[in-house]
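Open the model in your viewer and keep the selection panel at hand. The tour goes stop by stop.

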Amino acid sequence: DRIGADRASYPYEIELMRFFAPAPADGEVRVEARFEGFADEAGRHPRVRLQAIDQRHDRVCCDLVLVEVLMPKGPIGSAPTADRLAFLRDRRFVPGLALSKVGPTTVPDPDAIRASDWLPGTVATVYASPDARPQDIAAKDHVAALAHVHPSTVTLVEGGAVCAAQPLTRWPLEVTAEAVRSTGEPTLDLTPVTTFWDQWFSVGHWPVEDLYYGLARRFVRRFHLEDPAVMAAMSGRSMLYLGNHQVGVESLMFSVLMSGIQQVSTVTLAKAEHRTTWLGQLIQHCFAWPGVTDPEVITFFDRDDKASLPAIIGRLATQMAGPGKSVMVHVEGTRSLECRSPVEKMSGAFIDMAIHVDAPVVPIRFVGALPVEPLTERLEFPVGMGVQDVWIGTPIPAAELAAVPYKERKERVVGAMNTIGPPKGEEVPFDGDPAFAAKVAERVARTGVDEPHAVLLEVLAETEGAHADSLRIVEGDRTGELRIGSDPKERWLGELARRMYGPNGARVVG
């Protein structure tokens, strides 16, 4: 009872060791240990008497007195075994496990750090923080608690932090020696995406960026990587993404954003009827901008034409094996009407393609865009003009799938899609944005434009630092008239504006 539960003992000194017989070469040895008090008055060095007994000959082979030293376990060492393993070995987030006093304001705890760092380097290794300064540890703990990630995946940057497990999210922070505070809501940081596409198109700032990145900032909350280290190691490599399907806009958003995260152009496979929808026509028009090369972020196939899918798979396989191309497939082929039904079926043809080109298969899950109760019609945008999360599962090597029977391949991938992210039976939609939804509804009623194009114009109107031509479209909507010239870019701009203005809205003149 003199040894607290917050202490662990480690070998310190052997006071006595005597041998009475050779160590047995076989058979069983019984070791008995008896506590014999403390070797010091402070009670920091417990003494234990140990005897090794040869069971066959019933004789003591070795007798020794071991003195141990009691060391503090610290908050992590005092946690239940399963939590310690998850945190220290598996680098997983464990609620409440930290070396700081975590809350709305997180306070550094130097005593807790010292209690865990009596073996120098322990905290630096666990937290991936070379200096292990208390304020740095506190900042990592603060963001880890908010993002539900392991603190070692959090990197401190000027004015905040980023996290490898959520590569497009930036957490604004104020960090001092006394406390760590959030200075605002986490924001979508599209830097890796914009950098990738800037290099791809090489045309500088252009209006399509305002549309696509504006849609991302409006409707995407976070991308989550289940295993960021593995994804980083596979950067630039062709992959096959297989996932569920919630709303129309997610197909375009996934292709655009995932291309930047993994540094390889990504195409989403869609039904042929979507070629003539607002999204299909938008994508076609956007990449008709003079001087750009279509990166093919969406490709279409006819479900009624049985011969079309194998041909498309063959073409995609050639791209994946050649210059590099990742492919995204909504495996059930159509959007869901509610959020809790699991994926139940998929074609094995896509897995065969991945095996053929040795591309990892990555399970994907779109979360938070649909209600619990089924809708009567499919949505283009998250319910209530809200947001959506995208969960990226751990890549499954093609060789692993090739080694199991056909049925088990599909079961493994479908099972992974349904289990990444929050529990399927507990999924609920994220909050909507009533103010934005009201703006869209008012525009639809006033101009007769369809909802998607009303959304596009409202997205342009709220974009900071928009291209001059984007601002012209917004200004034309305000004044009632957009005047355009006769060159290809002007005609391109006029066509985009007409779609957004609607039959009863502003006029395009020229």
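## Stop 1: an enclosed strand

Select strand E14 (266-271). All of its residues, 6 of the 6, are buried, so E14 is largely enclosed by the rest of the structure. Keep in mind that this is a predicted model.

Strand E16 (residues 326-330) pairs with E14 in the parallel sense, over 4 bridges. Pick Leu269 and look across to E16: its bridge partner there is Val329. Next show strand E15 (residues 298-301), which runs parallel to E14 and is joined to it by 4 bridges. Here Ala270 has Phe300 of E15 as its bridge partner.

## Stop 2

Step back to Gln263. This residue sits in the loop between helix H9 (249-262) and E14. Check its backbone: phi is positive, about 60°, although Gln263 is not a glycine. Is the residue buried, exposed or partly exposed? Gln263 has a relative accessible area of 37%, so it is partly exposed.

## Stop 3: the largest pocket

Show the pocket surface. The largest pocket holds about 940 Å³ of space. Its lining counts 32 residues, and those closest to the centre are Phe93, Ala147, His148, Val149 and Trp391. Colour the elements that each supply at least two lining residues: helix H5 (134-147), strand E12 (220-225), helix H8 (228-233) and strand E18 (388-392). Which of them gives the largest share? That is E12, with 4 residues. Colour by class next: 14 of the lining residues are nonpolar, 8 polar and 10 charged.

Zoom in on His148. It lies in the loop between H5 and strand E7 (154-157). His148 has 56% relative accessibility, so it counts as exposed.

## Stop 4

Start with the largest cavity, at about 100 Å³. Select its lining: Trp197, Phe201, Trp206, Val208, Glu209, Tyr212, Tyr213, Val256, Phe287, Pro295 and Val297. Helix H6 (191-201) and helix H7 (207-219) are the elements that give two or more of these residues. H7 has the largest share, 4 residues. By class the lining has 10 nonpolar residues, no polar ones and 1 charged.

Move to the second largest cavity, about 70 Å³ in volume. Around it, select Phe219, Val220, Phe223, Val249, Glu250, Met253, Phe254, Phe366, Pro382, Gln388 and Val390. E12, H9 and E18 each give two or more residues here. H9 gives the most, 4 residues. The classes divide into 9 nonpolar, 1 polar and 1 charged. E12 and E18 were also among the elements that line the largest pocket.

## Stop 5: the cysteines

Finish with the sulfurs. How many disulfides are there? The count is 0. Select Cys61 and Cys62 to see one case. The sulfur of Cys61 has its closest cysteine sulfur in Cys62, 8.1 Å away, which is too far for a bond because a disulfide needs the two within 2.5 Å. Cys61 counts as buried, at 5% relative accessibility. Cys339 is buried as well, at 1%.

Technical notes:
Residues numbered from 1 in each chain as written. Predicted model: local features only at pLDDT ≥ 70, side-chain atom pairs only at ≥ 80, totals over all residues. Heavy atoms only, no water. 1 Å grid on protein atoms, 1.4 Å probe; cavity = no way out; pocket = protein on both sides within 12 Å on 5 of 7 lines; lining within 4 Å. Points joined across faces, edges and corners; volume = space filled by probe spheres on them. Nonpolar A, V, L, I, M, F, W, Y, C, P; charged D, E, K, R; others polar. Buried < 20%, exposed > 50% of the residue type's maximum accessible area, 1.4 Å probe, protein only. Pairing = 2+ DSSP bridges.
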